[in-house]
Structure formats: structure tokens, C-alpha cells
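Here are some exercises to work through with the structure open beside you. Try each task before you read its solution.

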Amino acid sequence: MAVNDRTASSRQLAAHWSIAKGVLMSASSIRRCLLHRELRARVLLFTANHRRLRLQWAHEQRAWQTDWHQVVFSDESRFSLWDHDGRIRVRRSAGECYLPECVIERYSGLTSGVMVWGAISCNEWSNLLRIEDNLNSNKYVHEVLQPEVVPFLQVIPGAMFQ
């Protein structure tokens, strides 16, 4: 059933199994069975271009001689306020990533949620900021870079902001 409907959740698969076989099975049992068969649910995030650009960056940084205590990484993340985060998960085995039935376009429009921003270094972390509405360049400069990043970087001698 999981191979025929690769986007079915473990709850949906448990319900289908119970109806088809007349035997109750929990979603966690379904997940264990699928893991045993090496059929894992994966979130579709990267396009081929994303992978190419990340690999290119990694090759460019291969000989990087930087003190990692000076590097500061930042990122923002969105957390869904509802049960479903809008991401489509596809069940596939390790070698099936490029099969057409394992690639699904996803809707990336606005959903209810909370977006936060933060930064970390080897021994420090920034405040976690809640981002209201969209984060455009002007808002990023005035609400993130100036009040948070600049003071954070001043604590780390020779800091390199990523």
C-alpha cells in the first residue's frame, strides 16, 4: 500500500490496512514495518539546482583555513501552528529519489505559523527573534542585523558572519 500511494501518511496506511485486512494496526506499527523494509518518509526540500549550488559551495570551501570559533551561522525557520505543516512526504527506498512517482511539486504559499530567526557560533547563541509578516531586505537590516547581529558579532573577536 505504501508503494502504491507514496504520499499516504502512516495514519492513513493504518486505516487502509485495518479495513483491508480486518486487523487493527497503529500508525507507529506501520512506521516500524516501513523502516524495517527501508521505506522511509522523506520531506521534499531540495531541487537539483539546490543540490548543485550546495555542492559547488562545498568544493569552493574545501581548502578553507578558518578558525571555526569565529564563524557565526544564522537562519530562520517557520513552525506550523496546525497539525499539518504543508510539506508533502514521499515514501521511498534509498535508490528511488529520482523516480517520477517520488517527486511531487508542493504548494509553498502562506500558511498559519510562526517564523523565528537565530544565530549560533561555536560557544555563543543569539536571542531568538520572532519575525512578524514577511522578512524583506529593509526589515532584515532594521529588525535583525542592526539590533541583533551587530552586537552579537562584537562579542566574538574576528567574527565571520555566514
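**Exercise 1. How many aromatic pairs does a search of the whole structure find, and how are the rings arranged?**

Step 1: The search finds one aromatic pair. Rings of Phe, Tyr and Trp (its six-membered ring) pair if their centres lie within 6.5 Å.

Step 2: In this pair, the ring centres of tryptophan 68 and phenylalanine 73 are 6.3 Å apart, and the planes meet at 15°. Planes under 30 degrees apart count as stacked, over 60 as edge-to-face and the rest as tilted. The pair is therefore stacked.

Step 3: Tryptophan 68 is partly exposed, because its relative accessibility is 46%. Buried means under 20% relative accessible area, exposed over 50%, and partly exposed in between (1.4 Å probe, protein chains only). Phenylalanine 73, at 37%, also counts as partly exposed.

A note before you go on: this is a predicted model, in which local features need pLDDT of at least 70, side-chain atom pairs count only at pLDDT 80 or more, and totals for chains, interfaces and linings use all residues. Residues are numbered from 1 along each chain as its sequence is written, and side-chain values use heavy atoms, with hydrogens and water left out.

**Exercise 2. Find the salt bridge and say how exposed its partners are.**

Step 1: A search of the whole structure gives one salt bridge, that is, a side-chain nitrogen of Lys or Arg within 4 Å of a carboxyl oxygen of Asp or Glu.

Step 2: The partners are arginine 130 and glutamate 132, with their closest N and O atoms 3.6 Å apart.

Step 3: Arginine 130 is exposed, because its relative accessibility is 55%. Glutamate 132 has 42%, so this residue is partly exposed.

**Exercise 3. Which residues form the largest nonpolar core, and which element gives the most?**

Step 1: A nonpolar core is a set of buried Ala, Val, Leu, Ile, Met, Phe, Trp, Tyr and Cys residues joined through side-chain atoms within 4.5 Å.

Step 2: The largest one has nine residues: Val72, Trp117, Ala119, Leu129, Ile131, Val144, Val149, Phe152 and Ile156.

Step 3: Strand S4 (113-120), strand S5 (129-131) and helix H4 (137-154) each give two or more residues to this core. H4 gives the most, with three. Helices (H or I, at least four residues) and strands (E, at least two) are DSSP runs, numbered from the N terminus.

Step 4: Beyond its neighbours within four places in sequence, isoleucine 156 is in contact (heavy atoms within 4.5 Å) with His69, Gln70, Val72, Ser121 and Glu124.
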